[in-house]
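Work each one out yourself before reading the solution.

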Amino acid sequence: MKHSSLVKAAGVGALALTLAACSGGGTPAPEGTESAAPQGGGELIVWMDENRASALEGVVATFEEETGTTVEVIIKDFNTIRDDLTTQAPSGDGPDVVVGAHDWIGKLVQNGVIQQVELGDLASDFEEVAVSAMTYDGSVYGVPVSIENIALVRNTALAPEAPATWDDLVATGQAAVASGQAEHPLLVGIDPNNADPYHLYPLQASFGGPVFGINEDGSYNPDDLQLGNEGNVQFAQALAQWGAEGIINLNISQDIAKEQFASGTSPYTITGPWNLADFQEAGIEYAIDPIPSAGGQPATPFVGVQGFFISQYANNPIVASQFLTEYIAGEEAQTAIFESGQRAPALTAAFEAAQSNEDVAGFGAVGAAGVPMPNIPEMDALWTDWGTTEAQIIGGQAADPAAAWTAMAKKIQGTLGG
Amino acid sequence: MKVLALKLVLLALVDAVAVFAMSVMLLQDDYVLAGVVLVVTLLVNWVYLSPGLLPAKYLTPGLIFLAVFQVFVIVYTLYIAFTNYGDGHNSTKDDAISAIVGQNTQRVEGSPVYQVQVVESLAGLGLLATSPEGDVLVGTAEQPLEEVAEGDVTMDGPRATAVAGWTSLGMQDILQRQQEIAALQVPLSDDLADGFLRTTNASQAFVFESTFVYDEAADTMTDSASGIVYRDLGNGQFESGDGQVLGTGWQIVVGFENFLYPFENPRYGGALVSVLLWTFAFAIISVGLSFFLGLFLAIALNDPRMKSKFAYRVLSILPYAFPSFLGALVWLGLMNTEFGFINNVLLGGADIPWLTDPWLAKVSTIIVNVWLGFPYMFLICLGALQSIPEELTEAASVDGATGWQVFSGIKLPLLFVSTAPLLISSFAFNFNNFNIIYMLTRGGPRMAGVEENVGHTDLLITLVYKTAFEGVGRDYGLASALSILIFIIVATVSTIAFRRTKALEELN
């Protein structure tokens, strides 16, 4: 029973080749077979989060049918897309198209992983704020699909009237607490160590300047940090006062704020459309109002825009561009995404159709006055210091809020300058 | 015979996968990887087909996995530690150049939209463009657009679809050559400053102009709008004479720069030292406390006089059955200053800042970690205790030893022999216990006076994570260098500890 190694090797080789050939059997049938679908055969790899992927199933199917392209949708966690694209795209095996947030654009461009999208005449079909959010350094880098921002959500049982002023809001809130109807005058979900500059920004904006200076064309100027300007320092002082009075409370995390408002313990909360479903489920009667100005100027929130980008390393740039400008920019896709996530659509036609929904109209009205969150890469230098300083001021650890704020702005300026 | 057939089939399967993988790699021009797969496959075949080589037959699969999942990862991390890989230094120089040129290519404002058809001739790919006024032009990358005679053109509505002397590309061909078409730039005229036509969807084209020009011979990037020249000074980026840097750079090897960073930035270095000390303290205290708590419970629940042992044992093991993520999140809620169960109910409305005071936050993370860790220690101590023969205790009692003497002189040393290696691995685990810190405090509260985002409860591993994935700019190079530091520390501590364990064994 001695087998020579050579014979065995030959046997293994023959078997292996057969198996390898079988594994290759999945390649598409030869072209030229008559079918109803148009000639195509292109492929498109798209990274989407689960929500949008299921919302777009119909649109993707239409796209496949009309163009003969095969779309491979890869479901990813929304927050991981930015880093994964940055690290994987240069290998050439990455996606053609990804979904993302507009404030990623600066970093993605800096890393050279996304390319411009020429909207052409389509640009005027979108809400202005959506296109300006997608614009970086004078070029548009994505097709916007939804717009989101925060606003004041009011429990109409506890506060029947929209507050006219900030003092009005505080007075109503405190009265509700004093009468025992409520436990908190206002709920803003923040982190005990890092506060939340995003949720607090409308209040900050009402005192003064933006975080960066704004160029003539509406873009942010990274060389002009405005975080330490006079208005923002006044905000720091107000923040200390609110912290001491318990209007802004470090111990109320996002989850606690949502849960407390849903259980009816506060007349007001500052939040986005993503929490409305929980409020409805809890049976809270609510209304959406603009945030009253605390410092005299309009309390404008940051507007966030989500959209689709094309990878700089896309293997199928033409199909990707077709998919974005002809399908994602279409009303069907925009409405489908809106219906799955309750964020207002970016396409004006779909946006207006969605206005019949009171919630969307309410948030939309507040967002219309808002400014896009800066999408310049320098913005990343702000969040952490900005947040920890806010937390220290609210918690009372910063004896002199104005000094703490100015020191923070100076430090960020140093990081940016160096 | 059956065994031989099975072996051949399995080997064939492995080869089939390898052949398939190699064909995919070759299609993607990945020759190096394909070569590696080929060598490994040949090696595997040789090992299993040749008679003898018995040890190799057992070890080969393990060695391959070791190489893929350990050696490769370590070597790659080591390589990254010597580069400037991170935000703005993401890929190769060629990629950076095309990205910079692409970023600075903009549509000429107010320029018309051309309807186009992609065409081809011996001169290469070209665009057949119809202007909004109805003029039909054709051109290639080298040959600027020029008007064609009306008689030569086939029109389809407002769009020219074919022209004599050129082949129109069908959808199929367009899809095959997408990258080529997307990169095609057809100049409007001989003067490059007039701009060029480019199409992104093969049916419409816009007039673009590029403000940045790369000069290959001089290796410079010129901003034609301002005339500033940017040079590659060996820092992985283009820099102008007055120190302005273009945002998109590329990866280069920077030598020991990342390792020297903490020394060149004393404040970061100082923070790093305090993080290092805390990491040691956290790992040692966590292991120590959970070991003694586990040991105490094991002794108590191993005592024959103890009643309903089973119920107690189940209760003690419960935290071990919890996923640590979840455990940490629950504790995060419990420790909230105002709404948490601990302050609110247990302490009757106290206002203790469990997670926001620098020292209390440290205590809190240790408490939570001990809660998560003691059941494991309890289990191994219980097992070890039960394996110590009763005769030893009996013999000692006969000789007149007290209970404490029996425990400290006989049981504990024996216990250490079997548990010491586990304590060392537990130390290594806690040294890198990312989950609990990240879930509870995210490293906070933040240290005052340090530029970088370093917190009082940051372990080295969470600091690495913050450096690599959060904050101003992702810096994979520095993060890798810190990872290597962690590796060296853990390896050194473990080696010394294992040596001492051996000594312990010899004692007995």
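**Exercise 1.** How many Å apart do the C-alpha centres of domain 2 of chain B and domain 3 of chain B lie?

*Solution.* Keep in mind that you're looking at a predicted model. Start with the bounds: chain B splits into domain 1 (2-81), domain 2 (105-210) and domain 3 (263-507). Now take the C-alpha centres of domain 2 and domain 3 of chain B: they are 67 Å apart.

**Exercise 2.** Work out what chain B brings to its contact with chain A.

*Solution.* Count residues on each side: chain B gives 57 residues and chain A gives 53 residues. Next, look for elements of chain B that supply two or more residues to its side; among them are α1 (2-27), α2 (31-49), α4 (93-103) and β11 (204-210). The largest share of that side is nine residues, and α1(B) provides it. Finally, sort the chain B side by residue type: you get 24 nonpolar, 25 polar and eight charged.

**Exercise 3.** In what order do the three strands of the open sheet in chain A run, and which are the edge strands?

*Solution.* Trace the pairing, which is antiparallel, and the order comes out as β11-β8-β12 in chain A. β11 (268-271) and β12 (286-289) of chain A each pair on one side only, making them the edge strands. From one strand to the next, the twist averages 30°.

**Exercise 4.** Find the bridge partner of Asn155(A) in β12(A).

*Solution.* First, the strands: β8 (residues 151-155) of chain A runs antiparallel to β12(A), and four bridges join them. Then follow Asn155(A) across to β12(A), and you land on Tyr286(A).

Terms used:
Residues numbered from 1 in each chain as written. Chains lettered and ligands numbered in written order. Predicted model: local features only at pLDDT ≥ 70, side-chain atom pairs only at ≥ 80, totals over all residues. Domains from an automatic or database assignment. Contact = placed C-beta atoms within 7 Å. Nonpolar A, V, L, I, M, F, W, Y, C, P; charged D, E, K, R; others polar. Pairing = 2+ DSSP bridges. Axes fitted to C-alpha atoms, helices over the stretch in contact; angles between N-to-C directions.
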